[in-house]
Structure formats: structure tokens, C-alpha cells
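Notebook open, structure loaded. I want to look at the domains, then an annotated stretch, then a sheet.

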Amino acid sequence: MTVKDKQKEILTLFKGLTSLSHTPLPEAERDPRLHDVGILERGHLFSCFHEAHLHEAQELYELLWEAKDFSDFIHLCKQAREIVNEGLFVFAVSVAVLHRDDCHGVRVPPIQEIFPDRFIPAETINRALKADLQRGDQDVVSVEIEHTGNIIDPEFKLAYFREDIETNAHHWHWHLVYPANWRSDFFGKAKDRKGELFAYMHQQMCARYDCERLCTGLQRMAPFQNFEEELEGYAPHLVSLVSGAPYGTRSEGMHMHDVNDVDVLDLIRWRERILNAIHTGHVTDYNGKEVKLDEEHGIDILGSLIESSHDSMNKRYYGSLHNWSHVVIARIHDPDGRFMEAPGVMDDTTTSLRDPIFYRLHRFMDNIFQDYKHRLHPYTHDELDFPGIHILSTTVKSKVANVIHTTLKQDSLELHHGIPLKGSVKVKYEHLDHDQFDYSIVVDNKTGKDKHATARIFLAPKYDELGNRIILDEQRRMYIEMDKFRVDLHPGKNTITRSSDKSSVTITHVPTFDELEAGIGVGENDSEFCSCGWPSHMLVPRGTTRGMKFQLFVMLTDFEKDDVGGSSQAHLCSDALSYCGVKDEKYPDKRAMGFPFDRTITQRFPTQFSTHNMSFTDIRIQFVEAKHH
Ligand code: CUO
């Protein structure tokens with residue numbers, strides 16, 4: 001069977017999932033291997049954070065992974081499609097496709113095309129349905145996306161970021177690539193530094209969010225920290241087509257309540273225990289043994305503990321602070337379920353980024369990680385320096401030197417693969433975008449020898465809400481990773497040129513359903529890892545119409561010290577390794593994620609902190625209104 005044939009089979013599985021019957025396949029007709037799944041009813045919302053849902057999804061992806069060959073796999077998938085919950089089905093089959101050896105080169109279609117109702121406001125979907133009915137003989141019908149709020153709510157200014165379709169899709173993919181319940185022993189494949197990456201990728205989403213807040217004239221977010229706090233409101237404007245129910249709305253001023261599966265007091269207890277572990281420098285594992293939080297593994301251990309994933313050292317004691325917090329917030333409007341309301345968007349990885357509380361909750365957890373990092377010594381001059389390597393200058397080359405232009409760009413999303421319609425219906429929407437640019441870095445290699453270096457590029461706002469210079473220790477929480485790559489330095493002067501298109505943070509294009517059906521993008525790459533990555537159009541923060549000052553940080557470190565070995569050049573789908581890692585291999589950088597901004601910086605400004613192998617360059621980001629209106 002060719003890869004293209006396999007791809008066709010997989011696409012069929014993912015079509016029309018919003019309109020499946022609620023009645024599952026009768027017991028008698030089921031493959032015996034599927035006897036333990038089908039617990040979460042069809043038509044309900046599947047939560048990637050709810051313990052029981054995750055557990056069932058794990059059962060399914062593990063048994064799918066064990067299918068003896070591709071046709072057995074497809075047979076089980078076809079049956080599961082008629083048995084298990086729709087959302088759970090997509091999650092589990094996607095994890096299986098990603099990890100099965102016989103699915104190399106096969107891709108899962110974009111989640112926004114499988115479940116457009118998780119990305120497009122219900123009002124717009126309703127319009128689309130009507131346009132479809134009245135289409136006459138038109139081949140393609142299109143509708144404009146509608147707003148989910150207005151300027152009375154200051155947070156509406158950030159809707160372009162929170163509701164960005166591909167950013168939400170990235171989050172879904174990240175959690176597919178790193179499933180909370182992943183059992184390394186079962187699969188015989190470990191997910192390297194999974195806990196640390198959980199902390200880092202989410203820290204970066206928060207940092208990016210705060211950059212955008214400053215761009216739009218808002219204050220940086222106030223972290224969530226008090227479990228009795230009255231929260232901001234949020235109305236998702238999404239209706240699940242699988243269930244027919246709207247995602248729950250949180251009115252302003254609601255606070256957390258106990259839900260059926262967990263008490264708020266549990267969350268508070270877990271936080272205390274985790275903080276206690278940080279303060280004593282060790283965690284207590286399942287056997288009561290003390291495990292030291294050392295420099296190399298500490299953050300990784302804590303990430304798994306907080307998420308919490310299967311790798312948690314002691315879930316019984318430290319609980320599952322992150323996952324349950326998502327669920328408790330998602331049920332805030334109907335905690336004990338007496339009104340049978342559907343949960344809010346925080347319930348799921350495809351939708352949670354839409355809610356402002358997402359960032360405040362994750363910043364709360366990031367503060368716990370920071371509490372730990374604060375206990376490590378600040379990096380010394382020797383740890384930062386690369387002797388003999390001097391950066392002479394850094395320039396951003398675009399239309400105007402050291403200015404990056406951003407704008408809004410038109411795009412569209414096809415609905416008819418996910419929703420049964422008479423033909424193609426496209427939703428037109430706008431997203432942020434930026435001009436392509438190059439980094440040009442001039443380096444003097446004074447060592448007299450060839451050297452290999454890792455270039456690390458970050459970006460952060462220079463001034464705060466009030467226009468004051470931000471000191472480094474504050475600014476480091478906002479430094480967003482832009483790129484990381486290997487360079488070879490000859491003795492003497494070198495000019496490194498690197499295009500923004502190449503960024504190790506982003507992916508450029510995920511093949512659409514139609515493209516995959518036409519065989520485009522099939523077989524070239526290694527499935528889902530290729531779809532994990534920050535969308536390239538969101539690489540650069542919006543900036544302001546007048547041009548907002550940012551500092552571009554470049555650092556060259558010794559590749560010999562950063563190298564993790566392995567076949568670093570050969571791996572497939574290493575497009576977006578900064579936030580997504582590399583499949584079945586070590587995270588391709590030995591340093592702590594976020595280095596050198598992961599630890600406390602005692603110096604106030606770059607001149608005091610900088611070593612010769614670093615540069616801080618002022619650049620401006622200017623938002624240019626599109627002219628198409
Ligand atoms: Cu990705 Cu809270 O982990 O959403």
C-alpha cells in the first residue's frame with residue numbers, strides 16, 4: 001500500500017465527524033479489543049485535561065498503536081469511529097498516526113478543518129449554513145467571520161491573538177506530540193525533557209501574550225494566584241456541533257468552586273506541596289524516597305509534577321495542579337452540573353487559548369517554576385561567554401533597516417470536510433502577518449580556529465506600559481524566542497545571514513484537507529511533528545502604528561557544549577524544534593530551555609550583563625493597516 005493510499009484511508013476517518021450518530025455500534029458487532037472504550041458518551045465535549053477522558057483516550061491510542069499492521073489499524077479505527085466519543089476519537093487516532101511506524105509520511109488533516117466549530121464563532125457558522133442552503137449553482141460560497149466581542153471590553157483588543165486559528169491549532173498539536181499520559185515504557189520511546197518543554201512552551205505563549213498586550217496599549221497580565229479570586233468574564237461564542245450545546249460562558253466576578261471530581265482545596269494543597277518541594281530542594285516520590293531537584297533535571301521533574309503527566313514522580317501526593325485547574329475553571333458556571341451546561345473553552349487544548357484566564361493561569365504556574373529557578377545561581381560570566389567570539393554588529397534587514405512591518409492578512413478556512421454541506425463553504429478571516437526579513441550578524445572569530453556555534457535569537461519590548469526602560473530581570477520574562485540555529489565560524493570576520501522564514505520556532509504551511517486529498521504534502525514528512533510549531537505569521541508581535549521599540553538579542557554559544565549528539569542533521573520534521581522538540585530524539589540543545597533568560601539576572605541593563613558573544617540591538621516593529629478596505 002502506498003503512502004498516498006494510506007493517506008486517503010486516514011482522511012476518510014476524519015471527515016464529517018460533527019454529524020455522526022449518537023448511537024454507538026452494538027456490543028456484539030465490536031472487535032473484542034475495543035471492549036474497554038466507549039465510556040465517554042458521544043455528543044459530549046472531550047477534555048484533554050480531564051483525568052477520566054485522558055485515561056480512555058490513552059486506552060484507545062495504545063491499542064491502536066498495537067494493531068498488527070496498517071489494515072488492522074484502519075479496521076480498528078473504523079470501528080472506534082462508531083463507538084467512542086468524537087473528540088476523543090480524533091485525539092487518540094492522531095496520537096496513533098503520529099507514532100506508528102507504518103504511518104510515516106501520512107498526515108492528519110488540520111484540526112480546524114475537522115472541527116471548525118471549535119475555531120469559528122457560532123454566529124458565523126450559522127451564516128455559513130444558510131449560505132450553503134441558498135447557494136444555487138455556485139461552486140464556492142464564502143462568509144466573513146464575525147467578532148466575538150467589542151471595544152467595551154478592553155481585552156477584545158487581543159482577540160486577534162487569542163482567537164488566531166493556527167495558534168490554537170499549534171496548541172492542540174503540541175499536546176498531541178506530548179500527551180499527558182504518554183508511557184515511555186509502553187512505547188519504548190521516551191519524550192525527552194517533556195516536563196521542561198511543557199513549562200517552556202507555555203512560558204513562551206505567556207511571554208508572547210504580554211508582548212502583544214504592550215503593543216495594544218494594555219498592561220501586562222496580572223497572574224492568577226488566589227483560588228478565591230473573582231475572575232474576569234469570557235463569552236466564547238462557540239457552539240459544539242458534536243453536542244449542539246454552546247461552550248459555557250463565565251460572567252464577570254465568578255470564582256472557582258469544587259467540581260464533582262476535585263475540590264478547590266485539593267488544588268491549594270497541591271500547590272503548597274509543590275512549593276514545599278521547591279523550598280526544600282527535593283520531591284518525595286511514590287516510594288517515599290527523596291529525589292533532589294538538581295540543576296539538570298529539576299525543572300523537568302517539576303514540569304511533569306505540575307502538569308501533571310504520567311512522568312510525575314508522585315501524582316498521589318502532588319496531584320494534578322495544571323490539568324484540574326483547567327477543568328475547574330471550565331466548569332465555573334455550573335460546578336456540580338445541576339444545569340447540565342457544557343464546559344467552557346478552558347476544557348480543551350483546541351479552544352483554551354481564546355480565554356484571557358488561560359494566560360493568567362499559566363503565568364501563575366510559570367511563577368512557581370520561576371520560584372525554583374530563582375534558587376539556582378545566576379549564570380556566571382564563564383557560563384555565558386564564548387571566549388574569542390565577538391559579535392561586532394547585528395542588523396535586521398528588511399525594507400527599512402531595523403524596522404519590521406506587520407499587517408493584517410486575509411485568509412480562509414474550508415468548512416465542508418468537517419460539517420456536512422452541499423459544497424465548499426469558506427469562512428474569510430484576517431490574521432496578523434509580517435514582512436519577511438533577514439538577520440545579519442557580523443562576528444569576529446579571534447580564536448584562530450574554525451568554531452561551531454549555536455545562534456540564539458530573542459526579542460522583547462524595551463519600555464513598559466508607562467514608557468520606562470524595563471530592567472533585565474523583568475524583561476527576561478518577556479523575551480520571546482525567534483530562532484536558534486547552528487553556524488560555522490571561520491577565523492576572522494564572518495557575516496551570518498539568516499532569513500525569518502527559517503525560524504526554528506515556526507512552521508510555514510500545514511497542508512489543508514483538499515491538498516492532502518490531492519496528494520500534496522503527503523509522504524514528504526513525518527506526520528504530526530510537522531504540524532506542531534508556532535504559526536509563522538505570528539512570529540513577530542504586532543508592534544504599534546508609530547513603531548514600537550524592541551530589543552533584539554543575539555547570542556552565540558559554543559556548539560561543542562550545546563550538542564546533544566545523535567543524528568541532529570538528518571531528522572525529519574525538525575522544522576519547529578524550539579517549542580516542539582524532535583521526534584524520538586533528544587531535545588536538540590543541552591542548555592536549559594530559554595537560556596540565558598531562564599534564570600535571575602542581577603544586572604539592571606544589557607551593558608552590565610552582556611559578554612562579547614552577545615548583542616542587544618534596538619529595532620522597531622511597525623503595524624501597517626492593510627489597504628484592502
Ligand atoms: Cu497547554 Cu494548560 O497546557 O494548556
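This is a predicted model: local features need pLDDT of at least 70, side-chain atom pairs count only at pLDDT 80 or more; totals for chains, interfaces and linings use all residues.

How far apart do the C-alpha centres of domain 1 and domain 2 lie? I get 25 Å.

Entry on the domains. I checked the bounds: domain 1 covers 3-112, while domain 2 comes in two pieces, 178-191 and 225-373. Then I looked up the contacts between them, and found 19 residues of domain 1 touching 19 residues of domain 2. On the domain 1 side, helix H2 (51-65) and helix H4 (86-99) each put in at least two residues.

Entry on the annotation. An unreviewed UniProt entry labels residues 355-366 "domain: Tyrosinase copper-binding". I looked at what the model has in that span: 92% helix and 0% strand. The C-alpha atoms at the ends of 355-366 are 18 Å apart.

Entry on the sheet. I went through an open sheet of 3 strands, and the order reads S4-S7-S10 with antiparallel pairing. From one strand to the next, the twist averages 15°. Next I zoomed in on S4 and S7 (residues 438-445): they run antiparallel and are joined by 8 bridges. Which residue of S7 is the bridge partner of serine 393? I found valine 442 there.

Notes
Residues are numbered from 1 along each chain as its sequence is written. Two strands pair if DSSP finds at least two bridges between them. Helices (H or I, at least four residues) and strands (E, at least two) are DSSP runs, numbered from the N terminus. Axes are lines fitted to C-alpha atoms, for helices over the stretch in contact, and angles run from 0 to 180 degrees between N-to-C directions. UniProt positions are given in the numbering used here, feature names are shortened, and annotations may be inferred rather than shown by experiment. Domain bounds come from an automatic or database domain assignment. Two residues are in contact if their C-beta atoms, placed from the backbone, lie within 7 Å.
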